[in-house]
Structures are given as structure tokens and as C-alpha cells.
Amino acid sequence: MAVFKSQIRQIQAPAEAVFDKLSNLENLKSLLAQVPESAIPADQKDMFDAIRVTEDSISFPAGPVGELTLRMTKKVRPTLISLDGVGAPVALSMNLEIGIVSPDACEAAVAIDIAIPAMLKPMIGGTIQKMADQFGEMLVRLKYD
């Protein structure tokens with residue numbers, strides 16, 4: 001298994017508020033709705049429009065492997081949210097790790113754990129790291145009030 005972890009991001013909101021917002025994945029719909037049409041490359045618009053979110057899962061097109069679904073499998077309030085890949089060609093999990101900094105602030109990071117052969121890691125590792133970084137950046141942009 002290879003682990004790709006985002007940078008630790010500082011969030012100006014209580015850990016409990018961050019956990020409560022992100023432990024219901026349907027809250028991501030508002031973030032997706034805020035993405036301006038001009039920010040989505042024309043060749044990726046269909047993929048973006050195909051993202052489906054429920055309370056405990058998110059499904060999106062994953063290129064040659066088809067659709068990928070991440071389903072919430074573990075919640076430890078207020079420090080951990082775990083999602084596992086469903087129907088993925090390899091074992092895959094994503095963890096949101098939340099650390100309490102103060103009553104009004106926390107820090108968070110995203111870790112993607114994926115079973116890829118060592119010879120493929122140089123070819124796809126950069127893409128997976130970029131995905132972890134993008135999820136981490138998204139955490140800072142969300143409104144937690």
C-alpha cells in the first residue's frame with residue numbers, strides 16, 4: 001500500500017464543526033454548485049457533471065477504471081472520517097484526519113491509501129498526490145458555520 005498525504009491545512013473553525021460538516025457528504029453538493037462553469041475545462045465538464053453525492057458516499061468517473069465510489073466506513077468525532085473504495089480495481093481508502101488546535105481552530109489533512117504495484121507508483125503517484133492535495137485545499141475553502 002502507498003500512502004499519499006496532503007499538507008496539513010489550518011482551518012479557522014472548531015474541529016467539531018468541520019467534522020459535522022464533512023461527516024455528511026451531501027454537504028459537498030454546495031461546494032460543487034459554487035464551482036464556476038469557466039473553471040471546468042470543456043473536456044472535463046461531463047466528468048464533473050457525473051459526480052454523485054449521497055449522505056455517505058461520493059461517486060465520480062475515474063477514467064479507464066470506470067466509476068469510482070468512496071463510501072464512508074468509519075467516523076470518530078471529531079478527529080477522523082474514513083472512506084473506502086467500492087468496486088475499485090485495487091484496495092483504496094481515504095482518511096480525513098482532524099486535529100484540534102484550539103476551541104476555534106483545527107488542522108486537517110487528507111491521506112489516500114492505495115494498493116498499487118511499485119512499478120506503477122512513479123507513473124500514477126503524482127496524480128494521486130495531486131488529488132490528495134486538492135482535497136486538502138478544498139477543506140480550507142469550505143464554510144463551516
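Biologist: Is Ser23 buried or exposed, and what is its relative accessible area?

Modeller: Buried means under 20% relative accessible area, exposed means over 50%, and partly exposed lies in between, with a 1.4 Å probe and protein chains only. In this predicted model, where local features need pLDDT of at least 70, side-chain atom pairs count only at pLDDT 80 or more, and totals for chains, interfaces and linings use all residues, Ser23 is buried, with a relative accessible area of 11%. Residues are numbered from 1 along each chain as its sequence is written, and side-chain values use heavy atoms, with hydrogens and water left out.

Biologist: Where does Ser23 lie, and which residues does Ser23 touch?

Modeller: Helices (H or I, at least four residues) and strands (E, at least two) are DSSP runs numbered from the N terminus, and Ser23 lies in the loop between helix H1 (15-22) and H2. Contact means heavy atoms within 4.5 Å; not counting residues up to four places away in sequence, Ser23 touches Glu55, Met72, Lys75 and Ile81.

Biologist: How should I read the largest pocket, and what is its volume?

Modeller: On a 1 Å grid over the protein atoms alone, a cavity is a set of points where a 1.4 Å probe fits but cannot get out, whereas a pocket is an open set with protein on both sides within 12 Å along at least five of seven lines, and lining residues have an atom within 4 Å of a point. Grid points are joined across faces, edges and corners, and a volume is the space filled by probe spheres set on the points. Here the largest pocket has a volume of about 1700 Å³, and 39 residues line it, with Phe60, Pro61, Met131, Gln134 and Phe135 nearest its centre.

Biologist: Which element gives the most to that lining, and how do the lining residues divide?

Modeller: H4 gives the most to the lining of the largest pocket, with 10 residues. Counting Ala, Val, Leu, Ile, Met, Phe, Trp, Tyr, Cys and Pro as nonpolar, Asp, Glu, Lys and Arg as charged, and the others, Gly among them, as polar, the lining of the largest pocket divides into 31 nonpolar, 5 polar and 3 charged residues.

Biologist: How many cavities of 30 Å³ or more does the structure hold?

Modeller: There are 2 cavities of 30 Å³ or more, and about 190 Å³ of space lies in the largest cavity. Of the 14 residues that line the largest cavity, Leu25, Leu28, Leu83, Met94 and Met138 are the closest to its centre; the lining divides into 13 nonpolar, 1 polar and no charged residues. The second largest cavity holds about 50 Å³ of space, and S7 gives the most to its lining, with 3 residues.

Biologist: Where does Leu142 lie, and which residues is Leu142 in contact with?

Modeller: Nonpolar side chains tend to be buried together in soluble globular proteins. Leu142, in the segment after H4, is buried, with a relative accessible area of 9%; leaving aside neighbours within four places in sequence, Leu142 is in contact with Leu22, Leu28 and Leu31.

Biologist: Which residues does a cis peptide bond join?

Modeller: Most peptide bonds are trans. In this model a cis peptide bond joins Arg77 and Pro78, with omega about 0°, and Pro78 lies in the loop between S5 and S6.
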